[in-house]
Amino acid sequence: MLAYQIRIAFKSLRRNPLQSGLLIAGVALGIAISTSFVTTYYMLSGDPIPEKSDRLFHVAVDSWDPDNGWDSDHPEYAPNQLTYTDVRGLMQSDLPTYQSAAFKAAMTVQPEAENEKPYREIVRMAFSDFFPMFNVPFQYGTGWSRSADEGPDPVVVIDAETNRKLFGGEDSVGRTLRLDNRDYTVVGVLDEWRPTIHFYDVNNNPFEEPEAIYLPFNFVEPLELQSSGNDSGWKFYAGNEFQDFLQSESVWLQLWVQLDDRRQQEEYKSFLDAYVMEQKKAGRFQRPLNNRIYPVMEWLEREEVTPDQAKVMLIIGALFLIVCSVNLIGILLGKFLARAPEVGVRRALGASRTSVFMQHLVECELIGALGGALGLGLSVLVLRVINRWFDNQFQFQLDLTMVLAATLLALAAGFIAGVYPSWRICRVAPATYLKIQ
Amino acid sequence: MELGPIFRALMYNKSRFWLITLEVALTLAIVANCVNLLLDTRREFLRDTGLDEPNLLVISTTPFDDAFDEDDFVHALEEEDLRRLRSTPGVVDAMAIQQIPLSGGGSATGRRPIDAPPESEGTGMPYFRVSDHALQTLGVELTAGRDFAEGDFEEREEGSENELGRNVILTQAAADALFPDGGAVGQQIQNSGGEIVDVVVGVVRKMHNSWPRSEFAANGEVVMLKPGSPGSAERMRYMVRSEPGAIDSLYTEVEALMLQTQSGRVVDVQTLTEYKEDYYSDALVMIKMLTSVVVLLLVVTALGIVGLTSFSVTQRTRQIGTRRALGATRTDIVRYFLIENWMITGIGIVIGIVLTYGLNYALVQYADVPTIEWTFLIGGALAMWLTGILAAVAPALRASTVAPEIATRSV
């Protein structure tokens, strides 16, 4: 029966190709715009590391100015980064499964080849746990060992792009990379890795690509590295030496820990409180005790990572689809009612109301399905245009969830738009049309 | 006029009436809100920065040679770079600066009047450390006090009292924030611990700091210019003001010029406009996306109205024929359909105005967008009304071609 109805529906669509084209194009346009806008929102706000985002925690302790809180609108917020002193103290803990303090620094890459110009690159200074903690994929080699953290050993991890640029994309493990006049041995090359949100450090552009180069954190002292991200301070410190800066109350480092179960999380929180109480004795941390560990999604929410524009786009995209559906109702109504004489004859020959209703609904669903398929294709193009507008800073693309959602949405639009016109046409009284004929 | 009969005829076919009304109302709500948002963003992007924006070039150099670790070397190089930049044809003036305005990356500290009570909250103070010729290069306008003088740039002796204090220049917004009653020039201002005391020697009309998109520091208008040598072993940056029209050729020349003066560093050249566009990039993309949606939406709605009106013309062919047979002219028929359409669109617009405010309220709550201005509403309503009329013209003209004898024929 269904196969028959689909065949009839196809026939009906072919009878007026212009009108059918308009109908399908309308659905396609609505689906394309809404799908690509929703994708934009979904990628800018979605979970960047769904497999373990509830087990990764951003550590926040309130070392800020006793007189003025970190955020006057949110007195409950501790600063969004940590001091060097506190990172040193907190990294002593052996509770977390993984833990890494990190920050980004700018360094100059000096290629081996004479004719290649040196260039600036952002380097992430991190501990060995950074790679397993964030499930960073490797193409060649691995991250460095915990003992290399201690050295610190002159080892480096580079991303696939840097590996292509400097070593022609081959297995470069064991090769030498020169940074700011010092040599480092490559121990690992990352595979393509592009979390939608730069969640482990949202200080500057929360959507930037991961860093190209990774060095052991403990080089911070010998190299006297400063953050190329944000650093904030509230307390004046005397002296111009790097040590003075390290010992100051400036916050400029991120600390992430992996805590796998409740017990571990509770223990770590007690550890934080004990640490701060100890520091209070030394005259620091004069604000009330305010330590928190934020799971990934809560942290992104606190830092208001999703741009307002993306939220607006989400709403506008959805409304656009609604307007297209209303439009669809109108055209379908016209199309079906124009066919009233024919339906009148069919009804007189014994077709039930239900079968007329179903027949027309199937036709609407067919339009929805065709429009949805075309719309999905279009939305790939629309996303490509959006990516170009963003200078490919983002890589918005459809994933399986979005394809399924768009398909359902298209069928739903066909159904919602089709119910009323189908109902109208199945109510046609056969007698009227028989008389005129 | 025949408004009454037209309205009653309209009510005879309610579904068409409601569909067009709904479409017009929804479209108006979306279009008015989109236009509101995109004009707001555009205005924000185009607002006066106080700088000679189109003629400013930014040169960022990052050393990798160990020679740069010596402070004296950096200092001497900075002077040499500036001397050579200033003598390049097409350059009006050049300065060294440690951060770039309008770029999203900068430095901020806090200041309060020296006699303010210690528990009072200070003013968040974005600042730029600048070399001489700063005001001339940036193109900012001095409105009170004086420009920097030679002595203002001298480093104070290490360990001396108030070693880090300087004679500084504030923007009007910064002066107003610190001294609401005026008279900023000559005043002393200090950081929260009182270790640094600066003296205000001048006030400029306007200059945006590094974060004009943020509400922080009076929407980016609070700035303190602090004299000194901004270069370091980490980074040396310059801004160059070109003569009008010369910026493109300078853009390509300066990298070679800088490397010729001193190698061992990476040189990056960008216009200030490029920094600004980068900083605003998501907003600029949003403008494009919103504009496309508005255009598409108007097209879709217009097509919808064309479709529904054509259908109603087809349906009423016999009635039109009857009216023509009874003496109605072609103009009467066209007028009938236009008035009918005008009525439907009008009701749609009235409902749409309510919807517009509703949608705007939701957006304000959910996404922190600006409240809609009533002028946009008028504009949007006019655009919808015009779209509605234009969409009805073709079907109405077709209706007028129906021949009177149709009435005498059966289908």
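Let's start at one residue: Ala405(A) sits in helix α14 of chain A. Because its relative accessibility is 35%, Ala405(A) counts as partly exposed. Along the chain, Ala405(A) and Thr35(A) are 370 residues apart, yet their C-alpha atoms are separated by 8.4 Å. Keep in mind that this is a predicted model.

- Is Ser12(A) buried or exposed? Ser12(A) counts as buried because its relative accessibility is 3%, and the cut-off for buried is under 20%.
- You will find Ser12(A) in helix α1 of chain A, which covers residues 2-15.
- Leaving aside residues up to four places away in sequence, Ser12(A) touches Lys335(A), Arg339(A) and Glu363(A).

**Where chain A meets chain B**

- The contact involves 47 residues of chain A and 51 residues of chain B.
- The size of an interface is often given as the accessible area lost when the parts come together.
- For chain A and chain B, the buried area is about 4200 Å², and carbon and sulfur atoms give 73% of that area.
- On the chain A side, the residues that lose the most area to chain B are Phe236(A), Val323(A) and Trp389(A), which together make up 15% of what that side buries.
- How many salt bridges are there between chain A and chain B? The count is 1 salt bridge.
- In a salt bridge between the chains, the side chain of Lys117(A) meets that of Glu255(B), with 2.8 Å from N to O.
- The interface of chain A and chain B also has 7 residue pairs in polar contact, with both residues at pLDDT 80 or more.
- Which elements of chain A give two or more residues to the side that touches chain B? They are the helices α2 (17-45), α11 (308-337), α13 (353-389) and α14 (400-426), along with the strands β2 (98-110) and β3 (119-126).
- Helix α11(A) provides the largest share of that side, with 20 residues.
- Sorted by class, the side of chain A that touches chain B has 29 nonpolar, 11 polar and 7 charged residues.

**The two domains of chain A**

- Chain A is assigned a domain 1 (2-47 + 307-436) and a domain 2 (62-290).
- The centres of these two domains of chain A, taken over C-alpha atoms, are 50 Å apart.
- Domain 1 of chain A puts 7 residues into the contact, and domain 2 of chain A puts in 5 residues.
- About 550 Å² is buried between domain 1 and domain 2 of chain A, with 56% from carbon and sulfur atoms.
- Met43(A), Gln393(A) and Phe394(A) supply 59% of the area that domain 1 of chain A buries against domain 2 of chain A, more than any other three residues.
- Between domain 1 and domain 2 of chain A, the rule finds 0 salt bridges.
- The side of domain 1 of chain A that touches domain 2 of chain A has 4 nonpolar, 3 polar and no charged residues.

**The two domains of chain B**

- Chain B is divided into domain 1 (3-46 + 282-408) and domain 2 (53-278).
- How many Å separate the centres of domain 1 and domain 2 of chain B? Taken over C-alpha atoms, the separation is 54 Å.
- In chain B, 5 residues of domain 1 are in contact with 4 residues of domain 2.
- The buried area between these domains of chain B is about 430 Å², and carbon and sulfur atoms give 45% of it.
- Glu44(B), Phe45(B) and Asp282(B) lose the most area on the domain 1 side of chain B, together 73% of what that side buries.
- The domains of chain B have 1 salt bridge between them.
- Arg213(B) and Asp282(B) form a salt bridge, and their closest N and O atoms are 2.9 Å apart.
- There are also 2 residue pairs in polar contact between the domains of chain B, with both residues at pLDDT 80 or more.
- Helices α2 (14-46) and α9 (281-315) of chain B each supply at least two residues of the domain 1 side that touches domain 2.
- Helix α9(B) gives the most to that side, with 3 residues.
- By class, that side of domain 1 of chain B has 3 nonpolar, no polar and 2 charged residues.

Definitions and conventions:
Residues numbered from 1 in each chain as written. Chains lettered and ligands numbered in written order. Predicted model: local features only at pLDDT ≥ 70, side-chain atom pairs only at ≥ 80, totals over all residues. Heavy atoms only, no water. Domains from an automatic or database assignment. Contact = heavy atoms within 4.5 Å. Buried area = accessible area lost by both parts, 1.4 Å probe. Salt bridge = Lys/Arg side-chain N within 4 Å of Asp/Glu carboxyl O. Polar contact = N/O pair within 3.5 Å; in protein donor to acceptor, adjacent residues only side chain to side chain. Helix = DSSP H or I, 4+ residues; strand = E, 2+ residues; numbered from the N terminus. Nonpolar A, V, L, I, M, F, W, Y, C, P; charged D, E, K, R; others polar. Buried < 20%, exposed > 50% of the residue type's maximum accessible area, 1.4 Å probe, protein only.
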